[in-house]
Amino acid sequence: VLATALPALAFQAPVWLHMRALRFERQRAIQAVDPVIGFAVTIGMALAGAGYWAFVAGTVAGAWATAAVAVATSPSRLRWRVDRAVLRKYLSFSWPLFAAGLSGLAVTQAAIFAGDATLGLTGVAALTLALAVWRWSMRIDEAVTQALYPVVARMRHRGDLVTESFRTSNRLTLLVAAPIGAAFACFAPDLVAFGLGDEWSSATVLLQLTGVAAVLNQVAFSWSAYFRSASRTRPLAVGAAINTVAFLVLPIPLLLAAGLVGYGWGILGVTALNVLVRRRALQGLIGPLGLPGLAARAMAPAAVAVCVTLALRAVASGERTLGVAVVELVVFTVVSAAACVALERSLLRETLGYLRVRAAVQT
């Protein structure tokens with residue numbers, strides 16, 4: 001039944017036209033149909049006693065409702081067109097992206113199978129939670145990458161603007177993502193102790209390492225937008241293949257040998273390798289970008305917040321309670337925001353200037 005939602009994804013393609021025209025408000029409004037309808041159908045059927053079928057129905061209903069709205073609001077009418085030259089170009093562009101998608105699926109399933117074989121259901125649950133944290137940390141950069149793609153495609157012949165857009169977007173995403181990942185690394189023990197429960201204690205180190213890896217993974221994460229805009233998608237397939245091989249060589253054997261902790265260290269190692277692959281590929285496409293310095297500068301506010309948090313814990317005495325953890329989290333957030341303003345004032349001012357110009361154009 002879930003497979004019936006796949007054709008709906010093809011009928012959602014008109015959303016791309018709005019993105020290409022930089023009409024992001026309309027694009028997001030159409031895409032919002034899926035979660036809204038899916039949520040309503042899921043809750044309604046769950047209350048009616050449908051059990052897990054409520055999730056299935058919600059997924060299918062959300063996908064097809066979005067497809068219907070996308071087709072109805074499409075700037076171009078849909079009809080069959082067959083152009084062999086366009087088809088060859090499309091296949092040449094798309095097969096590396098398809099291969100990269102399969103690679104991601106293979107990596108996820110390999111982790112689940114290995115966890116089930118060695119650690120049982122508890123291990124699978126811990127791996128799934130870590131994967132959820134990982135995916136959630138990528139949402140910010142994915143949104144920025146999607147917004148960047150049509151813009152980069154338009155200015156792909158302006159090397160100076162391409163370089164500047166990459167550096168600025170990477171710094172912005174790291175400014176937001178680094179504190180989130182760092183906070184998760186710092187407060188994962190509190191999440192387990194006061195939220196998930198003691199039965200999740202074996203996953204504490206895995207969650208902390210996942211937080212660190214999630215921060216590192218944001219470095220040059222938007223590289224796909226720049227290669228797609230240049231119609232050079234093969235490096236993305238090569239990067240995915242390297243990631244798959246590295247995953248089978250590092251995290252899986254470490255999971256079998258050292259459990260969840262070993263898997264966490266393996267994921268951190270694979271992430272570092274992925275960053276090196278992106279850096280090498282981008283140097284061939286754009287040129288030197290100074291990624292280490294760029295990343296260090298953008299991560300500095302999060303590093304300040306971590307140091308303050310560790311200092312508070314060093315001088316603290318007595319039993320650690322939920323109230324203490326909440327106070328530390330508030331302090332972490334405030335310090336991170338203050339350090340961001342202090343260290344990246346010019347970047348924030350530049351970004352706000354873009355938003356003001358956009359608002360003025362719309363009015």
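Contact here means heavy atoms within 4.5 Å. This is a predicted model, in which local features need pLDDT of at least 70, side-chain atom pairs count only at pLDDT 80 or more, and totals for chains, interfaces and linings use all residues. Residues are numbered from 1 along each chain as its sequence is written, and side-chain values use heavy atoms, with hydrogens and water left out.

**View 1. N217 and the residues it touches.** N217 sits in helix α8, residues 204-217; helices are DSSP runs (H or I, at least four residues), numbered from the N terminus. Setting aside residues up to four places away in sequence, N217 touches W134, M138, T271 and R278. Its relative accessibility is 4%, so N217 counts as buried (buried means under 20% relative accessible area, exposed over 50%, partly exposed in between, using a 1.4 Å probe and protein chains only).

**View 2. Helices α7 and α12 packed together.** Two packed helices are described by the angle between their axes and the distance between the axes. For α7 (residues 159-196) and α12 (residues 291-315), that's an angle of about 25° and a distance of 9 Å. The axes are lines fitted to C-alpha atoms over the stretch in contact, and angles run from 0 to 180 degrees between N-to-C directions. The two helices are therefore roughly parallel to each other (under 35 degrees counts as roughly parallel, over 145 as roughly antiparallel, 65 to 115 as roughly perpendicular and the rest as oblique). Residues of α7 that meet α12 include F166, L174, A178 and F187. On the α12 side, L294, A298, P301 and V306 are among those taking part. Sorted by class, this contact has 16 nonpolar, two polar and five charged residues. Here Ala, Val, Leu, Ile, Met, Phe, Trp, Tyr, Cys and Pro count as nonpolar, Asp, Glu, Lys and Arg as charged, and the others, Gly among them, as polar.

View 3. Side chains of opposite charge can pair when their charged atoms come close. A salt bridge is a side-chain nitrogen of Lys or Arg within 4 Å of a carboxyl oxygen of Asp or Glu, and the count comes to six salt bridges. One of them joins E344 to R171, with the closest N and O atoms 2.5 Å apart. E344 is in the loop between α13 (322-343) and α14 (345-362), while R171 is in helix α7, 173 residues apart. Both E344 and R171 are buried. E344 also forms a salt bridge with R297, at 3.4 Å from N to O. This second pair spans 47 residues, with R297 in helix α12. E344 has a relative accessible area of 0%, whereas R297 is partly exposed at 43%.

View 4. R313 pairs with E328 in a salt bridge, the closest N and O atoms being 2.9 Å apart. R313 belongs to helix α12 and E328 to helix α13, 15 residues apart. With a relative accessible area of 27%, R313 is partly exposed, but E328 is buried at 5%. Salt bridges that share partners join D190, R313, R320 and E328 into one network.

**View 5. R320 up close.** R320 lies in the loop between α12 and α13, and is partly exposed at 29% relative accessibility. Neighbours within four places in sequence aside, R320 is in contact with F187, D190, F194, R313, A325 and E328.
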